[in-house]
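Have the structure open and follow along.

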Amino acid sequence: AQILKEDGRKVGLYTSPHLCSFRERFQIDGKPVQADLLLQAADEIRESVGRLGLTFFEAATVLGFHLFSLIDVDVALVEVGLGGRLDSTNVVRPEVSAITNVALDHAEYLGFTLEEIAEEKAGIIKGGVPVMTAERDVALREIFSLKAQEVGAPFYSINPSEEVLDLQVSPEGNTFELETEHWGRLYLRSPLPGRHQAGNAALAIKTLELLPESLRPRGEAVIRGLAGVRWPGRLQIHEGPRGKWVFDVAHNTAGVRALATSLRRLGFPEPVILLVGIQGDTDWRSMLPPIFGMAREAVLTQPPSVPPGRRWDPLEAAGAVKSRPNLHILPDFSEALEVARTIAGEGTVVVTGSHHTVGDAMNALGILPYGND
């Protein structure tokens, strides 16, 4: 989205979930939509949404599409909400599709094996529409390839570990090189730190190469756009008056493993104390071992914004994992924040486990993900 904005396009971005404000789901040229415009668009679709009995996400998707129509964006980037095949965003026939990778997530809806989840994600592949993936598992990639062949979609894949060259990772972000077909070798900088973010950037850039020539950005827009990207809650570092905070929305096993790898590489001030809140409908049993390997002390808590039916039991979680650090079970979120900060002293508090946990912490600490936008 940021690259296309730098190329002079009016860009709409629809993502989910949000951190602190519902407006974050609908961005125009990198900024959350203004509240008055959002309310106007909601009023215009309210009757239809009620009459059709849409779910929350279906209604939000309709709202996003209506907003982009009102604003008359040049291009819209639409993130799939859950799965792919049956997702409400899948009514779109895009110019290009991208599938990052496959991880065990939302298993009760998508399937309990990676192969089943891959089949659901493959549902976004459409005839004649190029699709790009960074999935490295041969069997899972083959599922995407066969689906593309079945519907007549040009299929492409990249291997970030081979194509991201001379990667340098620091708390300030990544620098690396990438060989491209249309722009030659690019020397790139991104403010998002972590090896996984370099892979995400490579996938985004390679996907943009598949756009029709009329939409394909210029090489200088790729460089400027990546350097100017904002994506809060992804290894986001905040220097507070009492020490350093790191916010990361890792909410599945693949995500927490990437976070653990990045924390080891970046070398944050010790001690590193974890503040963890995970939703009950995610695979917290598989997530906790990589999380617990990051630090010697952790605070398990209950993010207040998680709906009651989707909450986990931190005490049950603590007893379910044998190898664990020194644990503090504090369901009260405000108390958990304070205790984690006190234990860390001038060290680092890492807040992770879900979007709810990160968003609730930012709200409590007065940190605005997008400033005053």
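A search of the whole structure, which is a predicted model, turns up seven aromatic pairs. One of them, Tyr 14 with Phe 65, has ring centres 6.5 Å apart and planes at 65°, so it counts as edge-to-face. From there we can move on to the sheets and then the helix pairs.

**Aromatic pair**
- What does the pairing of Tyr 14 with Phe 65 tie together? Tyr 14 sits in strand β1 and Phe 65 in helix α3, so the pair links parts that are 51 residues apart in sequence.
- As a rule, you describe a pair of aromatic rings by how far apart the centres are and by the angle of the planes.

**The four-stranded sheet**
- Reading across this open sheet, the strand order is β3-β2-β1-β4, and the pairing is mixed.
- The edges belong to β3 (31–32) and β4 (75–78); each has a single partner strand, so one side of each has no neighbour in the sheet.
- Helix α3 packs on this sheet and touches β1 (11–14), β2 and β4. The direction of α3 makes about 15° with that of β2.
- Strand β2 (residues 26–28) runs antiparallel to β3, and two bridges join them.
- To find that pairing on screen, look for Ile 28, which stands opposite Lys 31 in β3.

**Helices α2 and α3**
- How do α2 (residues 35–52) and α3 (residues 56–71) meet? Their axes come within 9 Å and cross at roughly 125°, which makes α2 oblique to α3.
- The crossing of α2 past α3 is right-handed.
- On the α2 side, the contact residues are Leu 37, Leu 38, Gln 40, Ala 41, Ala 42, Glu 44, Ile 45 and Val 49. On the α3 side, they are Ala 59, Val 62, Leu 63, His 66, Leu 67, Leu 70 and Ile 71.
- Sorted by class, the contact of α2 with α3 has 12 nonpolar, two polar and one charged residues.

**The six-stranded sheet**
- Another open sheet runs β11-β12-β16-β13-β14-β15, again with mixed pairing.
- Which strands sit at the edges? They are β11 (236–240) and β15 (326–329), and each pairs on one side only.
- From one strand to the next, the twist averages 20°.
- Strand β14 (residues 297–300) pairs with β15 in the parallel sense over four bridges, and Ala 298 has Leu 327 in β15 as its bridge partner.
- Helix α13 (residues 333–344) packs on this sheet, touching β12 (243–247), β13 (272–276), β14, β15 and β16 (348–352). Its direction makes about 170° with that of β13.
- At the β11 end, five bridges join β11 to β12, and the two run antiparallel.
- Gly 240 stands opposite Gly 243 in β12, and a hairpin of two residues connects β11 to β12.

**Helices α5 and α6**
- The axes of α5 (residues 114–121) and α6 (residues 138–151) come within 9 Å and cross at roughly 25°. These two helices are therefore roughly parallel to each other.
- This crossing of α5 past α6 is right-handed.
- Leu 114, Glu 115, Ala 118, Glu 119 and Lys 121 of α5 meet Leu 140, Ile 143 and Phe 144 of α6.
- How do the residues of this contact divide by class? The contact of α5 with α6 has five nonpolar, no polar and three charged residues.

Key. Residues are numbered from 1 along each chain as its sequence is written. This is a predicted model: local features need pLDDT of at least 70, side-chain atom pairs count only at pLDDT 80 or more; totals for chains, interfaces and linings use all residues. Side-chain values use heavy atoms; hydrogens and water are left out. Axes are lines fitted to C-alpha atoms, for helices over the stretch in contact, and angles run from 0 to 180 degrees between N-to-C directions. Angles under 35 degrees count as roughly parallel, over 145 as roughly antiparallel, 65 to 115 as roughly perpendicular and the rest as oblique. A crossing is left-handed if the near helix is turned anticlockwise from the far one by less than a right angle, and right-handed if clockwise. Contact means heavy atoms within 4.5 Å. Ala, Val, Leu, Ile, Met, Phe, Trp, Tyr, Cys and Pro count as nonpolar, Asp, Glu, Lys and Arg as charged, and the others, Gly among them, as polar. Two strands pair if DSSP finds at least two bridges between them. Rings of Phe, Tyr and Trp (its six-membered ring) pair if their centres lie within 6.5 Å; planes under 30 degrees apart count as stacked, over 60 as edge-to-face and the rest as tilted.
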